[in-house]
Structures are given as C-alpha cells and as structure tokens.
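How do the helices of this model pack, and which pockets lie among them? The report below takes up these two topics in turn.

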Amino acid sequence: MKQSLFETRHQPHWQAFASQLALLEQGKAKAEELTRFPQDYRRLCQHLALAQERGYSSYLIDPLQQLALRGHQQLYRHRSQLGAKVLGFLLADFPRTVREQWRFVLVASLLFFGSLIGIALLVYLFPELIYTIVSAPQVSEMQEMYDPDASRLGRAAARASSEDWMMFGYYVMHNIGIAFQTFAGGLLFGLGSVFFLFFNGLMIGAIAGHLTEIGYGQTFWSFVIGHGAFELTAIALAGAAGLQLGWALIAPGALPRGEALRLAARKSVKMICGVILFLLIAAFIEAYWSSTTAVEPWGKYLVGAALWAMVLAYLLFAGRGRHAPE
C-alpha cells in the first residue's frame, strides 16, 4: 500500500486519538472515553509497526511514534488505580461496611466489652478471683510489666531491652493472630467467634481489675488507653465479621449455605482488611508511644481520649458525605 493511501485511510483515527490524548493530559477526559482508550492505543501501535515495516517516510513515522509514546504514558498512568481504591476504602468503604453490619458489631461489642468490664469490676472487688482466670506466673509477669518503676511499660523482663521496631513486629503478629482467631471462629456457626470474644474480654478485664486493685492502675491505664482505641475496637470488629459468617451458616435464607457464606464473606473480608489496618496503627502506637515513661500519665490520657474520639467519629461519620469516594 502506498504511503499516501495509508495516511488517507487512517488519518481520521490518528487525529481522534490525538484529541483524546490532549483531553487526558489536561485531565478533562470523561470516564466513558477511557474505556476505548486501550483499544485505540493498540490500533495506533499496529499502524506504527506497519509504517516502519513498509519503510514509510519519517514525516509519517515520527509523529506516530510521538503519539504512541504519549499514549503509553497515559495508558499506564490511568490504569493504575490502586491508590485511589485504597483511599476510597479508607475514607468510605470500611466505615460504611461497619455501619451496615451494625447488628453484628453491637453483639460482638457487648460480648467483648461487656465481659471485659464485668470481670474487671469483679476482680477489683474480689481480688482472689484473678487466680481462677489467669495463672499465677502470668499474674506475676503482668505485675512486672506494669510496675511503676519499670523503664519501659508493657514489656516482660525478657523483652524489656528490645528495640521499639522489634516490639512493633511482635505486637503486629500477636494482635493479628488474636483477630484472625476471632474471625475464623465464625465458621463454627459463630460459636468460635463468641468464645474468643468472651475469652479475650475475660483475660483483659481480669488483668485490668487486678492491676488497678494493687495500685498499678495509673501505669496500666495510661499504657493501654492510646493503642486500645484501635486494638480493642479491632478485636470487636473481627468478632463481628466472624459472627456474620456464622449467621450465614445458621440462617442462609433461600440461598444454599455455600452461596450465603460466599456473599457474607465478601463483606466480612472487607471488614477484616480494616481490622488489620487498625491493628497496624495500634502496634505502632503501643511500641513507640504507650511504652514510654518519658510522658506524664495525664498526657497519655489526653492523647488516648482524643484517639478514642477519633476512632468513634471515623466509624460513625466517615463516608457519609455526598462526594465520598465510591
């Protein structure tokens, strides 16, 4: 085919592609225009390859190469939407999912925080009760970790000299392990999630009541109030996600159990992604802020109260705006 005929036949396409490129580069392209862009780009590359193979003039090949280069830059710039999706999840999808599943969140919170507060009061009033829930060696370890004279709070003697980044890794693995147990336990018709929520609530509450009763309350509560906003909330949400799985097995409705479980898992996994984020934040705060003794307790209480308010406001109000990311 002669070059003149080749140009005449395909020139309209090249002009349309150049116009589309200009809109993309200016950020004015519409969403529907982006759907055809990869196809148009491949066609342009095919024309460029044909022109080079046939030995057409550089007056034709050079502009096509420029269009192909600009097209390549725009194609891969617009294809990568991971950052936007992550931002949309953080700003809207996760808190919306929590609110949509408020019934499961309420039940999980009552099981976890109810058992925690209840046993903490009982152990505070009846100190010997601690040894029916926590072993004597564990009680001694807890007292050592929250001794007001300790150089770093919340760390046993074996880990007292550990670097903060090592403790960060330890807290991440430990907390995610608890959350995963609580979540996966929902596959036992929800009984596993109920058990782990209740068990963790009893353990944390018993230790809190005991340390408060022996006079270590200030070191303990100033330690946990900061990262607890994220960590304790994450455990409750992991339990809610597990309860949702269990309920899908118990009451699948008109759907087969497998299909009901699959649909429930889509929402539960979305919630677990948010839980993991909360636990990462909690581990960072616990390793670098909660354990330090350089800050006065009142300062930790102020920061902790602000973090609790922020977490609650985020879960209650984030993603409600008309222009929140979808």
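Predicted model: local features only at pLDDT ≥ 70, side-chain atom pairs only at ≥ 80, totals over all residues.

Residues are numbered from 1 along each chain as its sequence is written, and side-chain values use heavy atoms, with hydrogens and water left out.

**Helix packing**

Helices here are DSSP runs (H or I, at least four residues) numbered from the N terminus; their axes are lines fitted to C-alpha atoms over the stretch in contact, with angles from 0 to 180 degrees between N-to-C directions. Helix α6 (residues 102-125) packs against helix α9 (residues 191-213) at an angle of about 30 degrees, the axes being 7 Å apart. α6 is therefore roughly parallel to α9, a term that covers angles under 35 degrees, whereas those over 145 count as roughly antiparallel. By class, 14 nonpolar, seven polar and one charged residues make up the contact of α6 with α9, where Ala, Val, Leu, Ile, Met, Phe, Trp, Tyr, Cys and Pro count as nonpolar, Asp, Glu, Lys and Arg as charged, and the others, Gly among them, as polar.

The axes of α9 and α10 cross at roughly 170 degrees and come within 11 Å, which means that α9 is roughly antiparallel to α10. The contact of α9 with α10 has twelve nonpolar, five polar and no charged residues.

**Pockets**

A pocket is an open set of points on a 1 Å grid over the protein atoms alone, where a 1.4 Å probe fits, with protein on both sides within 12 Å along at least five of seven lines; lining residues have an atom within 4 Å of a point. A volume is the space filled by probe spheres set on the points.

| Pocket | Volume |
|---|---|
| Largest | about 950 Å³ |

Of the 34 residues that line the largest pocket, Tyr146, His174, Ile204, Ile207 and Glu231 are the closest to its centre. α10 gives the most to this lining, with ten residues, and the lining of the largest pocket comprises 23 nonpolar, seven polar and four charged residues.

The second largest pocket is lined by 16 residues, with Val98, Val105, Ser109, Leu312 and Leu315 nearest its centre. Its lining divides into twelve nonpolar, two polar and two charged residues.

Conventions: Helix = DSSP H or I, 4+ residues; strand = E, 2+ residues; numbered from the N terminus. Parallel < 35°, antiparallel > 145°, perpendicular 65-115°, else oblique.
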